[in-house]
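Dear colleague,

Please find the structure below.

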Amino acid sequence: RKNIGILTSGGDAQGMNPCVRAVVRMAIARRCRPFFIYEGYQGLVDGGDKIREAQWSDVSGFLTLGGTMIGTARCMAFRELEGRRTGVLNLIRHGIDALVVIGGDGSLTGADRLRAEWPEHVAALEGEGRITKEQADRFRTLMIVGMVGSIDNDLASTDMTIGACSALERICESVDAILSTATSHQRAFVVEVMGRHCGWLALNAAISTGADYLFIPEAPPKHDDWEASMCATLKASRDAGKRTSLVIVAEGAIDRHLNPIKADYIRDILATRLGYDTRVTILGHVQRGGAPAHFDRFLGTMQGAEAVEAILRATPQTPSPVIGMLENKITTQPLKEAIELTGQVAQAIEAKDFERAIGLRAASFAK
Ligand code: F6P
């Protein structure tokens with residue numbers, strides 16, 4: 001019988017609530033005790049009433065709610081050793097011996113570090129007399145299970161992260177709305193979408209809305225004179241009878257020298273070189289808001305249930321897993337490997353090896 005802490009961390013994502021609901025209910029069904037940890041890692045550091053046992057009815061209605069009902073934060077204290085040690089103390093005080101973390105790349109890296117350091121923290125807390133020997137013996141190891149909650153779809157080891165599908169839906173709805181006004185006025189629109197250093201949202205939005213041009217971090221324009229190619233492409237499309245021009249730019253878009261490509265700059269180019277009446281729309285946090293789409297409710301639920309099973313299957317030697325979905329199957333893979341593979345994409349971009357970056361992104365879905 002395990003006591004399972006659940007926290008959501010980093011940027012919220014639609015589907016986190018369905019995931020929390022599934023962990024709570026599966027835990028109870030499996031005779032474990034689930035505990036909410038409020039405000040992400042901050043709740044772990046603060047302890048007290050930020051950690052409380054969850055009941056079946058506490059998660060009623062969670063399936064349809066956007067954001068995260070147990071709160072999230074980007075916690076500075078947890079980046080420090082002392083903050084993590086206080087977190088360990090709070091977990092032990094609440095008798096928690098397994099932790100489910102739903103968050104992005106950074107949050108899961110933090111989780112993996114906590115697990116690696118855990119024995120050292122327990123020994124130090126015992127040495128300082130902050131926990132008893134009995135507590136130290138009982139909590140020699142901590143099982144951590146990660147699930148990727150992020151609209152960016154930027155983590156290797158899963159085809160889809162929880163929230164990406166809903167964010168893409170929202171982007172498509174918004175761009176559809178923009179296109180009706182753009183067409184009326186024969187205007188050009190430059191739409192910036194989120195994704196941090198990942199172009200998945202932008203790429204899929206461009207395909208799904210029929211954009212004329214796209215900028216993503218993994219595949220910067222191949223030539224320095226990309227402005228001329230962009231203008232030629234947009235003009236050809238207008239010449240063929242199209243009444244509007246749509247450029248989608250990922251917020252992390254760069255040129256081949258790694259300089260950012262910003263929506264305002266693109267607007268200025270279209271206005272001065274082509275004379276188009278051009279507007280910029282930065283979709284911003286509307287992409288993260290609102291109710292989860294069907295797929296994120298499904299994904300969150302299936303993965304949340306599997307997270308509890310993974311905890312119950314684990315031995316002290318089992319590496320921390322990340323639950324994902326590959327080729328429509330819910331999967332369990334070592335968290336460390338997923339984080340390392342994700343990091344390699346960033347390294348390839350920094351090294352300006354864009355072919356490799358694209359290859360690694362593709363491989364991370366196929367793996
Ligand atoms: O990681 C999710 C995300 O929405 C990114 O797409 C974006 O760059 C970032 O978070 C925005 O963070 P914040 O909500 O802290 O401004």
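Predicted model: local features only at pLDDT ≥ 70, side-chain atom pairs only at ≥ 80, totals over all residues.

Rings of Phe, Tyr and Trp (for Trp, the six-membered ring) form a pair if their centres lie within 6.5 Å; planes under 30 degrees apart count as stacked, over 60 as edge-to-face, and the rest as tilted. By this rule, ring pairs join Y213, F215, W226 and Y265 into a cluster.

Residues are numbered from 1 along each chain as its sequence is written, and side-chain values use heavy atoms, with hydrogens and water left out.

The protein as a whole

The protein has 12 helices and 12 strands; these are DSSP runs numbered from the N terminus, with at least four residues of H or I for a helix and at least two of E for a strand. Along the principal axes, the C-alpha atoms fill a box of roughly 75 × 45 × 35 Å. Of the 367 residues, 56% are buried, where buried means under 20% relative accessible area, exposed over 50%, and partly exposed in between (1.4 Å probe, protein chains only).

The open sheet

Four strands form an open sheet in the order β8-β9-β7-β10, with parallel pairing; two strands pair if DSSP finds at least two bridges between them. At the edges are β8 (213-215) and β10 (278-282), each of which pairs on one side only. From one strand to the next, the twist averages 15 degrees. Strand β7 (residues 188-193) runs parallel to β10 and is joined to it by five bridges. In β10, T281 stands opposite V191. Helix α6 (residues 164-185) lies across β7, β9 (245-250) and β10, at about 165 degrees to β7. For such angles, axes are lines fitted to C-alpha atoms, for helices over the stretch in contact (heavy atoms within 4.5 Å), and the angles run from 0 to 180 degrees between N-to-C directions.

The aromatic rings

How many aromatic pairs does the structure hold? There are six. One of them is the tilted pair of Y213 and F215, at 5.5 Å centre to centre and with 50 degrees between the planes. F215 also forms an edge-to-face pair with W226, at 5.1 Å and 70 degrees. This second pair links distant parts of the chain, F215 being in strand β8 and W226 in helix α8 (residues 226-239), 11 residues apart. Both F215 and W226 are buried, and F215 has a relative accessible area of 2%.

Two loop residues

Most residues other than glycine have a negative phi. E39, however, has a positive phi near 60 degrees. E39 is in the loop between β2 (33-37) and α2 (41-46), and is partly exposed at 31% relative accessible area. N328 likewise has a positive phi, of about 70 degrees. This residue is in the loop between β11 (321-326) and β12 (329-334). Is N328 buried or exposed? N328 is exposed, with a relative accessible area of 68%.
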